[in-house]
Amino acid sequence: MPELRTEEYQINMGPHHPSTHGVCRLLLTMDGEKVVDAVPYVGYLHRSIEKICENRTYAMCIPILDRFEYVTAMSCNYVFSLAAEKLGQVEVPERAEYLRVIMLELNRIASHLIFFGTTAMDLGALTPFLYGLRERELIMDLFEMTCGQRLTYNYIRVGGVSRDIPPEFVPKCREAIKIIASKLPDYEGILNENPIWLARMKGIGHTDPQQAIAWGVSGPVLRASGVKYDLRRDDPYSIYPKFDFDVAVCWNGDNYDRYLVRIEEIRQSLKIVSQALDGLPDGDIRAKVKAKFKPPAGEVYVRIENSRGEMGVYLVSDGSEKPLRVKTRGGSYNQLQFLPEIVRGRGYLIADIVAIFATFDVIMPEVDR
Amino acid sequence: MTQQELTAYILANYDGKLTLLDTGRAEPMFELKPDDLLEVTRRLRDDPQLKFDFLCNMGGVDTGQRLEVVYSIASTTKHLRMDFKVVLGYENPSIETITEIWPAANWYEREMYELYGIEVKNHPDMRPLLLPEDWNQGFPMRKNWDAPDFIRMPEL
């Protein structure tokens, strides 16, 4: 009988794998059922948003940057507007700042609801996906009522916001907050003690805090590994210092903690939205900005806390009506380049890779741009 | 440490290797010589007063007259932030890798090479990132780049 021998082999996961929520290819090196190494191949969605922005005026950049991170398009609008306002030294009216915070936090909740639904769906549970999208629909209705769009808003503009909220917004928003808050125990009830969920979540995908910082990982993934670092508190922007909220943090750094941090962040965001609705002042919604906005020559890097970590824009102006350089930075980019570090040599199964990818909450347009 | 104190501290302690640029804004922006890059970035990371442990962002810039590489760094414990840049010419631009200081630079440097043609020396893995593997149409983020289907926006 000939001697049996074993060898490592490689398989492609993607580019069209359903769990990557976009077009990402992971080249997995396998030893039997165990994953030895994973190498991400990206760029399938590269549209060169940065080059397109260099060829557009500031106002025209905002709808293009909506497509940069479409699940939280409000943040993309906001971070670019913030950079342009810093360059042009535009003072934003207080009502506009409140409206921006309300929209940003509602968008963060919507994004975390998508995370909750799709992660459970990747692991084979369809009900949470329906739950998540059902509650997200309430938020989408609020956005549609305000700016007419449900995904790419083009709402936050340089100097303020594009239009005021309709009168029925505030009562509808309070009702939505109440409904979402009342549904969160259902979410936890359906997943927190589910044995299939726990088997793929507890103790899988452990991230070391020091290593995560060195790899530029931020947002919920970093906070789940015990680093209490939230730009809303630690590098404050807009009017966040006025609000009372906690930074959600967990200590194990595994898939389960990343899920817990996001659920807690939904609670904190609901708290912020409700405080912002209480304090919403009257007044202008937009500073006077010329139609041909030309900030003086200069350069600035601004960063905000997005639902996927630090989102930043490095903006260079040469004093003309078009930016000289727009460099966008998204949390997913660093999370995805960090992924091989926590997969390599740990003997995970392919189903564990799906769970890790899902809890990193990587969204491909943010990586490829 | 406030931003003014940070600027004063760096000007006093870094032997003139980081020179302050006048950008008229809150966060300081420094310029650095390409040869000092590794030494200064290591000191910035290990300095107990600063602890710049987080690379926020890095990327190339083509101003039309020269190429620049811009680094934005932050400290997660001291809550500081600063930017610095390295200025390069168009003739064989190249720069040392900083992946051993901040591993996060890995993909940023790969992206910078394929989009701007700024060579990164000693990089562990220099495959193309965003562009196709058989891309042969030059460095698309350069200002003088052109392609048959690339249409510039007319002047307003």
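Trainee: Where does Glu68(B) sit?

Mentor: Glu68(B) is in strand β4 of chain B, residues 67–74. Helices (H or I, at least four residues) and strands (E, at least two) are DSSP runs, numbered from the N terminus. This is a predicted model, where local features need pLDDT of at least 70 and side-chain atom pairs count only at pLDDT 80 or more, while totals for chains, interfaces and linings use all residues. Residues are numbered from 1 along each chain as its sequence is written, chains are lettered from A and ligands numbered from 1 in the order in which they are written, and side-chain values use heavy atoms, with hydrogens and water left out.

Trainee: Is Glu68(B) buried or exposed?

Mentor: Buried, with a relative accessible area of 3%. Buried means under 20% relative accessible area, exposed over 50% and partly exposed in between, using a 1.4 Å probe and protein chains only.

Trainee: Which side chain does Glu68(B) make a polar contact with?

Mentor: The side chain of Arg66(B), at 2.9 Å. A polar contact is a pair of N or O atoms within 3.5 Å; within protein, one must be able to donate a hydrogen and the other to accept it, and residues adjacent in sequence count only if both atoms are side-chain atoms.

Trainee: And what else does Glu68(B) touch?

Mentor: Leaving aside residues up to four places away in sequence, its contacts include Gly59(B), Thr63(B), Lys85(B), Val86(B) and Ile118(B). Contact means heavy atoms within 4.5 Å.

Trainee: Zooming out, how many helices and strands are there in chain B?

Mentor: Three helices and seven strands. Along the sequence they come as α-β-β-α-β-β-β-β-α-β. The C-alpha atoms fill a box of roughly 50 × 40 × 25 Å along the principal axes, and 53% of the 156 residues in chain B are buried.

Trainee: What about Leu37(B), buried or exposed?

Mentor: Leu37(B) counts as buried, at 0% relative accessibility. It belongs to helix α2 of chain B, residues 37–46. Among the residues Leu37(B) touches, not counting those up to four places away in sequence, are Tyr71(B), Phe84(B) and Val86(B). Leu37(B) and Val86(B) are 49 residues apart along the chain, with their C-alpha atoms separated by 8.2 Å.

Trainee: Switching to rings. How many aromatic pairs are there over all chains?

Mentor: The count is 18. Rings of Phe, Tyr and Trp (its six-membered ring) pair if their centres lie within 6.5 Å; planes under 30 degrees apart count as stacked, over 60 as edge-to-face and the rest as tilted.

Trainee: Why is the pair of Tyr98(A) and Phe243(A) edge-to-face?

Mentor: Because their planes stand at 90°, with the ring centres 5.9 Å apart. Tyr98(A) lies in helix α4 (residues 94–122) of chain A and Phe243(A) in the loop between α10 (231–234) and α11 (255–279) of chain A, so the pair ties together parts that are 145 residues apart in sequence. Tyr98(A) is buried at 8% relative accessible area, and Phe243(A) is buried at 9%.

Trainee: Which pair crosses between chains?

Mentor: One that does is Tyr333(A), in helix α12 (residues 331–343) of chain A, with Trp107(B), in helix α3 (residues 105–116) of chain B. This pair is edge-to-face, 5.7 Å centre to centre with 85° between the planes. Tyr333(A) is buried at 1% relative accessible area, and Trp107(B) counts as buried at 4%.

Trainee: Now the strands. Why is β2 of chain A largely enclosed?

Mentor: Six of the seven residues of β2(A), which spans residues 25–31, are buried, so the rest of the structure largely encloses it. β2(A) pairs with strand β1 (residues 9–13) of chain A in the antiparallel sense over five bridges; two strands pair if DSSP finds at least two bridges between them. Tyr9(A) stands opposite Met30(A) there.

Trainee: How many bridges join β2(A) to β3 of chain A?

Mentor: Seven, and those strands run antiparallel, with β3(A) covering residues 34–41. Leu27(A) stands opposite Val39(A) in β3(A). Their hairpin has two residues between the strands, and Gly32(A) takes a positive phi near 65° in it.
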